[in-house]
Amino acid sequence: NNVTFAGINNTSGCFSPIPYTTPYYSFFPDQMAYVQKGLSYPFNVTSPSTGDGYYQWFGVWIDYNDNGSFEDAGELVLSSVAGATVQTNSLSGNILIPSTANSGKLLMRVRSGNMSTAFNSCTDNSSSGETEDYWVSICQDVIPTVSITNVSSCGYTDGAITLSGLD
């Protein structure tokens, strides 16, 4: 129902009571997370409690190598191993962006389902749940070059500082 991560704060409103209705999949291209390699960012997802004893299992994937698959090692970035509690139906944690991740606009998938075991990024056998995709922008590594020049003439000193490599 709500995803919060590095600039994303999206309440989708896709939850509906039994009988469950579509859409089970949503893509939010206007919701973008902005992150840097080597840094950690808090993540939170919540789903309304159903009141009927179901809990939601959550999984979060980022396609770090931009190959169109979320099944590569390290791309499951956060999950609830045995499901969230009925009281909270939420998952919170920190996502560390690895230094080996591709830079640029990559896909993040958030899934929920009323499963008591883990499921993968694309399929499962739950009777309810939802899949939401978002963009994650991983900033380019910036290695600036700094040069300082001093010029002395007639007792006056002038200098310049030049920064390059920032684009």
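Trainee: How do strand E1 and E2 pair, and over how many bridges?
Mentor: Strand E1, residues 2-5, pairs with E2 in the antiparallel sense, over 4 bridges. Two strands count as paired if DSSP finds at least two bridges between them. Strands themselves are DSSP runs (E, at least two residues), numbered from the N terminus. Keep in mind that this is a predicted model: local features need pLDDT of at least 70, side-chain atom pairs count only at pLDDT 80 or more, and totals for chains, interfaces and linings use all residues. Residues are numbered from 1 along each chain as its sequence is written, and side-chain values use heavy atoms, with hydrogens and water left out.

Trainee: Thanks! What stands opposite Ile-8 in E2?
Mentor: That is Phe-5.

Trainee: And which sheet has E2 and E1 in its order?
Mentor: An open sheet of 4 strands, ordered E2-E1-E4-E7, with antiparallel pairing. Strand E2 (8-11) and strand E7 (90-96) are at the edges; each has a single partner strand, so one side of each lacks a neighbour in the sheet. On average, neighbouring strands here are turned by 10° against each other, direction ignored. For such angles, axes are lines fitted to C-alpha atoms, and angles run from 0 to 180 degrees between N-to-C directions.

Trainee: What do strands in a sheet pair through?
Mentor: Backbone hydrogen bonds, and the pairing is either parallel or antiparallel.

Trainee: Next topic: what is the strand order in the open sheet of 5 strands?
Mentor: The order is E3-E9-E8-E5-E6, and the pairing is mixed. Strand E3 (25-35) and strand E6 (76-79) are the edge strands, each pairing on one side only. The twist averages 20° from one strand to the next.

Trainee: How many bridges do E5 and E8 have?
Mentor: Strand E5 (residues 57-62) and strand E8 (residues 104-113) pair over 6 bridges, in the antiparallel sense. As an example, Phe-58 has Ser-112 in E8 as its bridge partner.

Trainee: Let's talk rings. How many aromatic pairs are there?
Mentor: The structure holds 4. Rings of Phe, Tyr and Trp (its six-membered ring) pair if their centres lie within 6.5 Å; planes under 30 degrees apart count as stacked, over 60 as edge-to-face and the rest as tilted. One of the pairs is Phe-27 with Trp-135, edge-to-face, at 5.6 Å centre to centre and 80° between the planes. Phe-27 is in strand E3 and Trp-135 in strand E9 (residues 129-138), 108 residues apart.

Trainee: Why is the pair of Phe-28 and Tyr-134 called stacked?
Mentor: Their ring centres are 5.4 Å apart and their planes are at 20°, so the pair is stacked. This pair also links distant parts of the chain, with Phe-28 in strand E3 and Tyr-134 in strand E9, 106 residues apart.

Trainee: Are Phe-28 and Tyr-134 buried or exposed?
Mentor: Phe-28 is buried, and so is Tyr-134. Buried means under 20% relative accessible area, exposed over 50%, and partly exposed in between (1.4 Å probe, protein chains only). Phe-27, at 35%, is partly exposed, and Trp-135 is partly exposed at 21%.

Trainee: What sits over the ring of Trp-135?
Mentor: The charged end of Lys-105, 4.6 Å from the ring centre. The rule asks for NZ of Lys or CZ of Arg within 6 Å of the ring centre and within 35 degrees of the ring normal.

Trainee: Last one: where is Ser-103 found?
Mentor: In the loop between E7 and E8. Ser-103 is partly exposed, with 26% relative accessibility. C-alpha to C-alpha, Ser-103 and Val-136 are 9.7 Å apart in space, and 33 residues apart in sequence.
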